[in-house]
Amino acid sequence: MEQKYYYDATMEYSFDSYVNFFKSIRQKGNAKFVYILREEDLLKGDINSQIENVSQIIKKLAKSGISKDEMVISFLHDKSYKTNSNESCKVLYELEKHFDGYKLGIEAGDITWSSEKIVNANKKLDKIVEDIKSKNLSKLEQLFLAYNIITQKTYKEVAHNESLYTSREIYGVLNSDTIVCVGYVEILKEIMARLGLGNDIQIFSNKVKLPNKYKTEYHETCIIYIKDEKYNLDGYYYCDPTWDSRRDGDTSVRLTYFMLPIREIKNINSLIQTYPIRYDAVEHITATYNNIATYHRPQYADQVSLGQTGVVLTDTFEKFLNNDKKLRALIGLENEFTNLSIKEIYKKSPQFTYSLIRQRSKEYSLGTMLTLIKNVLKATNEKDTDEIIKQKVCQIYKDNYNTMQQKFGRNAFSSFSLYQNRMALNNKNIDKSTKEILLSVIPKNKEKEM
């Protein structure tokens, strides 16, 4: 079994105690002592200062009795910093050349990624981002297109002898044909970060559990904050790119779980529950799986756990909520929570905090969703006629309407629900084209009743 023992040099930990513990667990030939720095550190100073820094670390490790084959120097990738990994990778490449024979890389998951793997992934990411930017889309439309691109990848687990993070980190997903729930969320976050939309779009990993009569499974979706004036949206929404991902042989555009208002989560037929996650900005994980044992592996906790009835906050999400002026306005001026921070409010009443997030999750009409689909299709299929665009919108609507009837309860109210269909058809001002799309899901013998 491969063993990786992490020492995070940016934290106030005793180096000697970590080295001593490593020596007590190592097995000859397959134990690695991973000395962790930060990816953004690669962009500080010139290459000579970087070489000197790595040289000093190598001397320090060697003096402590760690052999060349056992030492790894790795720079932790953190999406929340929005570090330009193209630039950091250039520096890493120069360091790899200078320290030939030593293991250096960028850390994501439990894998130390080489500059070659990162360059290959970055080329694919840059192409996606370049294509999205070229379409002159609004923020929501850019999110829609990115979501549609990543959900075209078919869900696939890694082999038993591979690291789980091959399917969970962007460098693994883009260097293989594997991807699972964490991978869908991570690549969506990375694309949106590279689009440079600032605070108008923030994506948080949403850790949830799915209990059923056989066992409890753990799953990752995302909570998205978005502000888009074009569509009059400003609030928090739930997305599950995994459950919208392509199935084998299926080319449908799946949007059933895209941009759900928070209170719609309770209408999903599957139980979606919260579970305790670490509040810290960085959590250190010890785990054993797929023949890899990791000790004190650092992982950024830019996440939340929000389910059908409650929420568990983390430091990152709590700080974002605390700076949300519209959310703070919902608290009111004359109650016990008026002058408290979100952190203090959450300690007093997690349910009140959850209700604030739900109130900041504005519902939007089926018409808004159809307009969004049509606008993105027009921007990405410039040669298509209006009639072809209409046919595509109609097919997307039918596919997602049918999925929603199967996967959601009768009280569902979001875009592809029966409720939205009836509401739109009862609108006397509905245009002919939209009416035809809505009627496409109704059995022919029922159309006369509408």
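**View 1. Helices α4 and α7 meet in a right-handed crossing.** What you're looking at is a predicted model, where local features need pLDDT of at least 70, side-chain atom pairs count only at pLDDT 80 or more, and totals for chains, interfaces and linings use all residues. Residues are numbered from 1 along each chain as its sequence is written, and side-chain values use heavy atoms, with hydrogens and water left out. Helices (H or I, at least four residues) and strands (E, at least two) are DSSP runs, numbered from the N terminus. α4 covers residues 115-133 and α7 covers residues 181-194; they pack at about 60°, with axes 10 Å apart. So α4 is oblique to α7. (Under 35 degrees is roughly parallel, over 145 roughly antiparallel, 65 to 115 roughly perpendicular, and the rest oblique.) Axes are lines fitted to C-alpha atoms, for helices over the stretch in contact, and angles run from 0 to 180 degrees between N-to-C directions. On the α4 side, N122, L125, D126, I128, V129, I132 and K133 make the contact (heavy atoms within 4.5 Å), and α7 brings I187, E190, I191 and R194. That's six nonpolar, one polar and four charged residues. (Ala, Val, Leu, Ile, Met, Phe, Trp, Tyr, Cys and Pro count as nonpolar, Asp, Glu, Lys and Arg as charged, and the others, Gly among them, as polar.)

**View 2. Helix α2 (residues 47-63) packs against helix α3 (residues 85-98) at about 55°, with their axes 10 Å apart.** The two are therefore oblique to each other. Their crossing is right-handed. I47, Q50, I51 and V54 of α2 touch V91, E94, L95 and H98 of α3. Sort these residues by class and you get five nonpolar, two polar and one charged.

**View 3. Helix α5 (residues 139-150) and helix α12 (residues 366-380) cross at roughly 75°, their axes coming within 10 Å.** That makes α5 roughly perpendicular to α12. From α5 come L140, E141, F144 and L145; they meet L372, I373, N375, V376 and T380 in α12. The tally for this contact is six nonpolar, two polar and one charged.

**View 4. Here's the largest pocket, with a volume of about 720 Å³.** Y165, V182, K207, E220 and Q299 are the closest to its centre among the 35 lining residues. The lining splits into 17 nonpolar, six polar and 12 charged residues. A pocket is an open set of points on a 1 Å grid over the protein atoms alone, where a 1.4 Å probe fits, with protein on both sides within 12 Å along at least five of seven lines; lining residues have an atom within 4 Å of a point. Grid points are joined across faces, edges and corners, and the volume is the space filled by probe spheres set on them.

Key. A crossing is left-handed if the near helix is turned anticlockwise from the far one by less than a right angle, and right-handed if clockwise.
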